[in-house]
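Hello,

I am handing over the structure we talked about. Please open it first, then read the notes below alongside it.

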Amino acid sequence: MKNSGVISRTNDKSGAGYDTKRHLEELVKLQTSVLRQQALELRRLNERIIETLSSVVEFRNLESGDHVKRVKAFTRILAEHLAQACPEYQLDQEAVDVITAAAALHDVGKIAIPDAILLKPGKLTAQEFEVMKTHTTKGCEIIAMLGDMQEGEYGRAGYEICRFHHERYDGKGYPDGLKGEEIPIAAQIVSLADVYDALVSERCYKSAYTPAEAYDMIIRGDCGQFSPRLLLCLREARGALEEKAQSGCALTT
């Protein structure tokens, strides 16, 4: 009888112990929901900050907003291919989304470049180019001013992309001369996307190359050295990149 009583009390769902457990489970669910909503709101805020800053850069640089759209589109294509081909980078869908959004910040440091240099229609002198190169470190300073964003995933990706998107795999880039996998993968991806867009787009100092010409130039190393893994992704993603490049303004990210 005693054993029967114990079993009965243990399975009794109307007891105080069960009510406490159910109450705690509801509290956990509520807290989880609140945290999820806060994370979503923070993500939306960070994306609005990124969009605003990138728009300022476009206006200042006298470029259309299509440049940022194209770089983001090319970044997503390359990042998704890299995620599949190289699982060692641990690029899940969330990481791809963050890198794609943060790609819009790659040239935010150009806000601090003098008009005479930033808007010069011809080739820069060696001295002017040294000033232009500082947009990488100036961009980091701007990201560092953004408080909570700077401490989160968007801030980290934005910082890495701003500072390192002109580094090259052979160590011949700037500002720090990083080499190989010393360069954060987010910056490597955006660097290739930025170069590809620069080649297939018309600029005041050059005509646009065809996507086929741009592909060949990058593979040959005419635009600096890139990671063998990224070049493999470029080969695999060539069709998707060319389709985006040829779609002009009709880009989605």
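**How α3 and α10 meet**

Helices α3 and α10 are oblique to each other. Bear in mind that this is a predicted model. The angle between helix α3 (residues 66-85) and helix α10 (residues 185-200) is about 130 degrees. Their axes lie 8 Å apart. The crossing of α3 past α10 is right-handed.

Which residues make this contact? From α3 come His67, Arg70, Val71, Phe74, Thr75, Leu78, Ala79 and Leu82. From α10 come Ile185, Ile189, Val190, Leu192, Ala193, Asp194, Tyr196 and Asp197. Sorted by class, the contact of α3 with α10 holds eleven nonpolar, two polar and three charged residues.

Asp197 sits in helix α10. Is Asp197 buried or exposed? Its relative accessibility is 0%, so Asp197 counts as buried. Setting aside neighbours within four places in sequence, Asp197 is in contact with His67, Arg70, Val71, Phe74 and Arg203. Of these, His67, Arg70, Val71 and Phe74 are also listed on the α3 side of the helix contact. Asp197 can also be placed relative to Ala214: the two are 17 residues apart in sequence, and their C-alpha atoms are 8.8 Å apart in space.

**α3 again, with α13**

Helix α3 has another partner to check. Its axis and that of helix α13 (residues 238-246) come within 10 Å. They cross at roughly 170 degrees. That makes α3 and α13 roughly antiparallel, because the angle is over 145 degrees. On the α3 side, the contact uses Ala73, Phe74, Ile77 and Leu78. On the α13 side, it uses Ala240, Leu241, Lys244 and Ala245. The classes here are seven nonpolar, no polar and one charged. Phe74 and Leu78 are named in this contact, and both are named in the contact with α10 as well.

**α4 and α9**

Now move to another pair. The axes of α4 and α9 come within 9 Å, and they cross at roughly 55 degrees. α4 is therefore oblique to α9. The crossing is right-handed. Where do they touch? Glu94, Val98, Ile99, Ala101 and Ala102 of α4 meet Glu153, Tyr154, Ala157, Gly158 and Ile161 of α9. By class, the contact of α4 with α9 has seven nonpolar residues, one polar and two charged.

**Two backbone spots**

Most residues other than glycine have a negative phi, and most peptide bonds are trans. Two places here call for a check on that score.

One is Gln90. Its phi is positive, at about 55 degrees, although Gln90 is not a glycine. Gln90 lies in the loop between α3 and α4 (93-102). With 67% relative accessibility, Gln90 counts as exposed.

The other is Pro175. A cis peptide bond joins Tyr174 to Pro175, with omega at about 10 degrees. Pro175 belongs to the loop between α9 (153-164) and α10.

**Glu128 in α6**

Next, Glu128. Find it in helix α6 (residues 126-133). Which residues does Glu128 contact, leaving aside neighbours within four places in sequence? They are Ile117, Lys120 and Lys123. Leu118 is ten residues from Glu128 along the chain, and the C-alpha atoms of these two are separated by 9.2 Å.

**The chain as a whole**

Last, some totals. The protein chain has 13 helices and zero strands. Read along the sequence, its pattern is α-α-α-α-α-α-α-α-α-α-α-α-α. How much of the chain is buried? Buried residues are 41% of its 253 residues. The chain exposes about 14000 Å², and carbon and sulfur atoms supply 54% of that area. Take the contacts with a separation of 6 or more: residues 24 or more positions apart account for 64% of them.

Best wishes

Definitions and conventions: Residues are numbered from 1 along each chain as its sequence is written. This is a predicted model: local features need pLDDT of at least 70, side-chain atom pairs count only at pLDDT 80 or more; totals for chains, interfaces and linings use all residues. Side-chain values use heavy atoms; hydrogens and water are left out. Axes are lines fitted to C-alpha atoms, for helices over the stretch in contact, and angles run from 0 to 180 degrees between N-to-C directions. Helices (H or I, at least four residues) and strands (E, at least two) are DSSP runs, numbered from the N terminus. Angles under 35 degrees count as roughly parallel, over 145 as roughly antiparallel, 65 to 115 as roughly perpendicular and the rest as oblique. A crossing is left-handed if the near helix is turned anticlockwise from the far one by less than a right angle, and right-handed if clockwise. Contact means heavy atoms within 4.5 Å. Ala, Val, Leu, Ile, Met, Phe, Trp, Tyr, Cys and Pro count as nonpolar, Asp, Glu, Lys and Arg as charged, and the others, Gly among them, as polar. Buried means under 20% relative accessible area, exposed over 50%, partly exposed in between (1.4 Å probe, protein chains only). Accessible areas come from the Shrake-Rupley method with a 1.4 Å probe; for residues, only the protein chains shown count as cover.
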